[in-house]
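The following exercises concern a predicted model.

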Amino acid sequence: MLITCPYCGPRDVIEFTYQGDGNRERPEPASQNFEAWNAYVYDRLNPAGDHNEIWQHSGGCRAHLRVVRNTLTHEISSVAFVRGDHGSGARRKAEDKP
Amino acid sequence: MVERQSPLEPEFHVGSHGNFEHGVEILLTETRPGSIVQLAAWPGEEKKLIAAIRTVVGLALPDGAGGGMSDGAKSVFGFAPGKFTVADEAEGLAAAFAKAVTPDIGTVTDLSHGRTAIRIAGPKAEWVLAKFFAIDFALPAFPVGAGRSTVHHDVFAQIHRTGTDQFDLYVFRSFARSFWKALCHACEEVGYEVQ
Ligand SMILES: [Zn+2]
């Protein structure tokens, strides 16, 4: 499986660390809403198809990435920085694309 | 200047090794930069950091991810969004950057003692590195001057292409000897010279 990092380009999955389900919403740290905490910790969509995920390019630029991966085919349909505020220099030039 | 001890020393054997009867196709050296510095810009301050690099080392970074260059003595390349590695034969780079990179622009981390720089050169350099790293070493994908962050097993490595057939590898100092031994083994079948 290859993940095309917006900074580094296509890299083998061994360079990445899975950081969990990208659909979760973390409650405010001081929240006493146990239902919300329970959902954050345990509830998963577990789709057979496209899934929003967070991956870190831990063996590369170390950026955190939003990845949409198909759980049936491993096809990656989208990769973006979790942080949207990296400058234009953080992206590969069009001609570098594989 | 105090002579810095090399972590490679017990395994650093000058001369020709491996299958070199038909000539050596790899040259290995430790470049021992006096300074290795890592710079990181706060979001939105990347251009100011690139300007500071130009002021301090006189190298104008090309635009784009992984862009970099080298003038022989000084090298600079991007290794992550808004982050750059700068190396210099001379000492004192961190102090110079600490003045130019003000706290509102970003951070300066002195890695001069934390990284070991190994240069691999020669017609088979690409071929040997391809055994180590799952990245594209072909010139169009990895042009001269560009930098890459990747791993060999769990040893993080930054690779700076400083020539068509030449790469400077920056690895953790504590892993450098083990990495060096592995690199020497990988070079054996083509014949290599340590200088
Ligand atoms: Zn990356």
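**Exercise 1. The surface of chain A**

**Exercise 2. The make-up of chain A**

State which elements chain A has, their order, and how many of its residues are buried, as a percentage.

Solution. Begin with the elements: chain A has 1 helix and 6 strands. Next, read them from the N terminus, which gives β-β-β-α-β-β-β. Then turn to burial, where a residue counts as buried under 20% relative accessible area. By this criterion, 36% of the 98 residues of chain A are buried.

**Exercise 3. The sheet of chain B**

Determine the strand order of the open sheet in chain B and identify its edge strands.

Solution. The open sheet of chain B consists of 7 strands with mixed pairing, in the order E1-E12-E2-E8-E11-E10-E9. Strand E1 (15-17) and strand E9 (147-152) of chain B pair on one side only and are therefore the edge strands. On average, neighbouring strands of this sheet are turned by 25° against each other, direction ignored.

**Exercise 4. A strand pair and a helix**

Describe how strands E8 and E11 of chain B are joined, and which helix packs on the sheet.

Solution. Strand E8 (residues 115-121) and strand E11 (residues 166-172) of chain B run antiparallel and are joined by 7 bridges. In one of these strands, E11(B), B:Tyr170 is the bridge partner of B:Ala117. Helix H4 (residues 173-187) of chain B packs on the sheet and touches several strands, including E8 and E11. The direction of helix H4 makes about 140° with that of E11(B).

Conventions
Residues are numbered from 1 along each chain as its sequence is written. Chains are lettered from A and ligands numbered from 1 in the order in which they are written. This is a predicted model: local features need pLDDT of at least 70, side-chain atom pairs count only at pLDDT 80 or more; totals for chains, interfaces and linings use all residues. Side-chain values use heavy atoms; hydrogens and water are left out. Two strands pair if DSSP finds at least two bridges between them. Helices (H or I, at least four residues) and strands (E, at least two) are DSSP runs, numbered from the N terminus. Axes are lines fitted to C-alpha atoms, for helices over the stretch in contact, and angles run from 0 to 180 degrees between N-to-C directions. Contact means heavy atoms within 4.5 Å. Buried means under 20% relative accessible area, exposed over 50%, partly exposed in between (1.4 Å probe, protein chains only).
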